[in-house]
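The structure comes first, then the terms and the findings.

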There are 2 protein chains.
Amino acid sequence: MSKSVLGNTDLDRMLKTKMPAIGIDLGGTKIMAAVINSEGIIGEPIKIPTPAGPENIINAFVEIIDKFKKEHLVAGVGIATPGIVNGNTGTVIGATNNIPGWAGTPVKKIMESKTLLPVHIENDANAAAYAEAHSKRLKNKTCVVALTIGTGIGGGILINGQLFHGANHGAGHCGHIRISFDNKRMCTCGLFDCYEAYASGTGLLATAKEMLTGVSAKQSPLAQDIKALKNADIFAAAKNDDLVAKKIINEWHRHLVMGMISIAHVLDPDCFVLSGGLCTFIDYELISEMLIDNTIPAIGDNLKIYKSELGNHAGIIGAAQLILDKLAKAS
Amino acid sequence: MSKSVLGNTDLDRMLKTKMPAIGIDLGGTKIMAAVINSEGIIGEPIKIPTPAGPENIINAFVEIIDKFKKEHLVAGVGIATPGIVNGNTGTVIGATNNIPGWAGTPVKKIMESKTLLPVHIENDANAAAYAEAHSKRLKNKTCVVALTIGTGIGGGILINGQLFHGANHGAGHCGHIRISFDNKRMCTCGLFDCYEAYASGTGLLATAKEMLTGVSAKQSPLAQDIKALKNADIFAAAKNDDLVAKKIINEWHRHLVMGMISIAHVLDPDCFVLSGGLCTFIDYELISEMLIDNTIPAIGDNLKIYKSELGNHAGIIGAAQLILDKLAKAS
């Protein structure tokens with residue numbers, strides 16, 4: 001996989017450190033991809049709908065790579081995917097309900113044989129975490145915890161700049177931290193009282209529906225059609241000074257902090273970086289205060305919460321950086 | 001600090017790798033110490049009451065070391081202490097309410113100047129975790145989390161055999177994981193619903209008192225004098241098939257698992273090792289089942305819970321191993 005591009009090893013090495021890689025982010029509904037070097041994205045990212053079935057997904061990857069290869073000399077391909085990934089074998093080993101049939105696919109092996117490029121596979125939350133932690137503002141930190149606040153909650157842990165994968169590729173499943181022992185609310189994973197059952201988009205909506213029980217439409221327009229309620233309605237109402245909506249949002253912020261309190265006491269990180277669809281609706285000053293109030297001073301006093309700088313490009317950037325850094329180490 | 005013992009550098013190095021170190025474990029009520037090499041404790045450990053005030057503690061350390069030095073050629077001294085420790089400077093930087101005046105003491109600096117031996121200082125839970133994780137059974141694991149279940153709950157995290165200290169020396173404060181968001185019970189630290197407020201000895205007693213409210217002395221002898229109740233009474237009653245005591249113990253086991261669930265999803269460790277005064281009263285089969293039932297399969301299926309092999313010697317062994325390993329690396 002590391003054959004000389006130009007037949008001259010030194011020149012090859014020099015070129016490779018400057019060469020970009022292709023970053024691909026596979027999602028349940030869309031695939032995003034771009035050519036990326038150490039400075040960032042080159043040109044415009046590609047966005048296509050995720051096709052059905054592993055074979056079609058692999059074909060879509062190959063088409064994207066072929067297209068980019070016509071315009072760029074690339075060093076490799078990084079792929080961010082949902083699910084638990086065995087980074088050593090490059091296989092998706094589990095937990096990808098939103099992409100049926102994907103678990104078990106030896107993605108790295110197939111893609112390397114089809115493209116003749118070195119390929120690295122990483123869990124999507126980890127890839128995004130890698131990108132965030134390697135941004136200028138967070139370089140050289142001891143410990144960065146990245147959380148993706150969307151339909152669910154994903155996480156990635158960086159220790160001295162490297163992703164920590166745990167004993168069985170499962171580290172960073174922060175959405176399943178347990179924030180209550182009362183068996184109050186079941187998570188989509190089947191466990192009770194997971195962090196993401198409260199603090200994700202799904203969790204916020206569940207909290208809103210609970211809190212709106214018994215509220216009249218006169219008190220809050222949100223109560224008019226609870227079945228059809230969406231998170232966007234709650235955010236809009238809160239912006240319009242609807243007191244009930246404001247209380248729901250405040251409770252969501254309280255839930256958001258609960259998982260961070262536990263992570264903070266276990267890892268004593270430098271900071272949290274929050275990304276995902278809901279991260280723009282978070283009051284960062286409020287959760288920072290709440291977090292400090294609920295941690296022992298030695299840990300809380302130095303702890304920061306940042307909003308993602310890379311937004312929904314974090315996955316492709318992290319995937320590309322991972323293969324570039326892997327190649328740089330190997331050379 | 002690494003001057004030649006015999007004037008010959010090579011011989012010196014050879015001897016040093018075989019030389020034992022002194023391990024000291026400072027507690028709120030007693031100081032334990034022993035001479036330790038890679039095989040374990042040499043001779044009998046010393047146990048003396050903890051004197052009042054930092055100066056007297058330091059003098060006690062020096063006396064212990066002088067006594068051991070008369071019988072052994074030692075390579076260095078490892079000291080395990082309560083509180084947050086800055087391992088770089090060797091200073092206790094905070095949180096040691098049970099040893100008034102101790103926080104702020106530059107232990108390493110003082111001890112090295114008084115003994116002319118290399119000294120390493122480590123938090124006591126971390127030192128114990130280091131010893132457990134370096135035992136034969138757990139060597140070469142990716143991630144070991146050691147929890148001390150006593151009056152409070154302490155923790156230590158080992159990643160690839162090395163202690164993880166976090167950004168500000170605070171990692172492993174697992175007792176302050178938050179296990180409920182309801183502000184139900186205040187912890188001795190002043191925060192609400194900490195893991196140790198439920199799962200420690202203090203927590204168990206609080207749970208028992210809550211559960212015994214409204215229970216008559218006829219239903220359970222434990223209800224006779226709730227104010228004077230001790231954990232030993234509850235364990236004894238449960239052994240005698242007191243149904244109320246059994247329910248209290250079962251609830252304590254449920255609480256014990258709650259913190260582990262969160263740690264498991266964050267770190268995906270190979271195993272937990274439990275030590276501390278209450279670790280002999282734990283039903284390991286029961287909590288293992290509970291833990292697996294409450295974690296996602298990718299993490300829970302491979303997760304083990306072990307009882308400490310080293311008991312209350314873990315602190316002195318870990319402290320001595322830490323200074324020995326540090327000296328081996330430096331040579």
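A residue counts as buried if 20 or more other C-beta atoms lie within 10 Å of its own, as exposed if 12 or fewer do, and as partly exposed in between, with C-beta atoms placed from the backbone. This is a predicted model, in which local features need pLDDT of at least 70, side-chain atom pairs count only at pLDDT 80 or more, and totals for chains, interfaces and linings use all residues. Residues are numbered from 1 along each chain as its sequence is written, and chains are lettered from A and ligands numbered from 1 in the order in which they are written.

**Strand β8 of chain A**

- Strands (E, at least two residues) are DSSP runs, numbered from the N terminus.
- Of the seven residues of β8(A), residues 143-149, seven are buried.
- One side carries A:C143, A:V145, A:L147 and A:I149, the other A:V144, A:A146 and A:T148, and both faces are covered.
- In a regular strand the side chains alternate between the two faces of the sheet.

**Pairing of β8(A)**

- Strands pair if DSSP finds at least two bridges between them.
- β9(A), residues 153-159, runs antiparallel to β8(A), with seven bridges, and a hairpin of three residues joins the two.
- β11(A), residues 271-275, pairs with β8(A) in the parallel sense over five bridges.
- A:T148 stands opposite A:G154 in β9(A) and has A:S275 as its bridge partner in β11(A).

**Chain relation**

- Chain B superposes on chain A by a rotation of 180 degrees with 0.0 Å of shift along the axis (RMSD 0.0 Å), by least squares on C-alpha atoms of residues with pLDDT of at least 70 in both.
- That is the relation of a two-fold axis.
- B:S180 has the C-alpha nearest the axis in chain B, 2.0 Å from it.

Conventions
Helices (H or I, at least four residues) and strands (E, at least two) are DSSP runs, numbered from the N terminus.
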